[in-house]
Amino acid sequence: MENVVANKKFWQDKKVFLTGHTGFKGSWLSLWLNNLGAKVHGYSNTIPTCPSFHSSLNLQSIISSTAGDIRDHQALSKALKKFAPEIVIHMAAQSLVRPSYNNPLETMSTNIMGTANLLECCRSYDSIQVILNITSDKCYKNREWIWSYRENDRLGGYDPYSSSKACAEIITHSFRDSFYSPDNNDHHKAAIATARAGNVIGGGDWAEDRLIPDCIRAYIAKNKFIIRNPNSIRPWQYILDPLNGYLLLIEKLFEFGQDYSGAWNFGPPENNATTVKLIADTIAYKFGIKDGLIQSMPVKQLHEAQMLKLDSSKSASLLNWHAVVPIENAIEEIVSWTKAYMNGEDLMAFSTHQIESFHKYEKY
């Protein structure tokens, strides 16, 4: 089945305000939107890692941006007013589970109040037609069962990060019902939705305490790699799969408004949900590592989900979206990107080629 991808004709000259544009997902989305012909303005307070995908591609040369904290109402409102976007995509967040234990208030302040602040700022500007809040699959109350979670399943969160994403979902839907419902459509015409994806992987992710970046750093430094939870199952998915889902959803929100508001899952197919150890072993094999991985548990083990899968039948049915990149191909894309980085190649051109080649994958 043919891979349905974002419509370049739709995105041409669309004005997109993207928070968290310097992060891993935000940087890939910035590049894709720019290639589609959109006018992108980023809003972020920092580049979160060094090295970073954003800096490696010199993305600041192709999109405009404002340096600011998502919790700074005045600065954020000023940036929105100046750019006058049609579409707002919210990605700014503290995005990791384990660091949320070390800094729970920072995590909750950024992910909860930052979301509320953005939504409140958006209410002042009539140019905005679509608001999409990117949250996480970890917003669900995880029962560690074998079934996949659907959009109407209970929200929750054991750790500070997961609970903050559940709160961000509740806040977003509260703003939708209170200020962006069909009853208020004459005054506020924006359609608002949330998107939940799994463990996103791709080239150029340098985040700390994340499996594949940690594995690649160990490879580059020729160090042993410690696997924290080797038997945990994660819904791995290649970066371009959920990003394509976000773009397809925004196209529908822009055209049909409230009919597509609400929550949406963009998860991988069942056979992409596999163990941490298998992913690490596959990466080691692709890099030619024979004895580079060891299994170990930290002295103080923090709670992390062992099993979490998403049901994306809603997105498949109503958006004709499907995750199309098998896990083995995703790892090949990551390894090839990393080798291009290590060889000093033109990463803007290389990453653009990966985006342009995404259409070759078919539903499987």
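Strand 5 (residues 130-134) and strand 6 run parallel and are joined by five bridges; strands here are DSSP E runs of at least two residues, numbered from the N terminus, while helices are H or I runs of at least four residues. Two strands are said to pair if DSSP finds at least two bridges between them. The model is predicted, with pLDDT of at least 70 needed for local features and 80 or more for side-chain atom pairs, whereas totals for chains, interfaces and linings use all residues. Residues are numbered from 1 along each chain as its sequence is written, and side-chain values use heavy atoms, without hydrogens and water.

Strand 6 (residues 191-197) is largely enclosed by the rest of the structure, because seven of its seven residues are buried (under 20% relative accessible area, 1.4 Å probe, protein chains only). In a regular strand, side chains alternate between the two faces of the sheet. In strand 6, A191, A193, A195 and A197 point one way, and I192, T194 and R196 point the other way.

A further sheet is open and has three strands in the order 7-9-11, with mixed pairing. Its edge strands, strand 7 (199-201) and strand 11 (273-275), each pair on one side only. Strand 7 is joined to strand 9 (residues 233-238) by three bridges, and the two run parallel. In this pairing, V200 has Q237 of strand 9 as its bridge partner.

Note on methods: Buried < 20%, exposed > 50% of the residue type's maximum accessible area, 1.4 Å probe, protein only.
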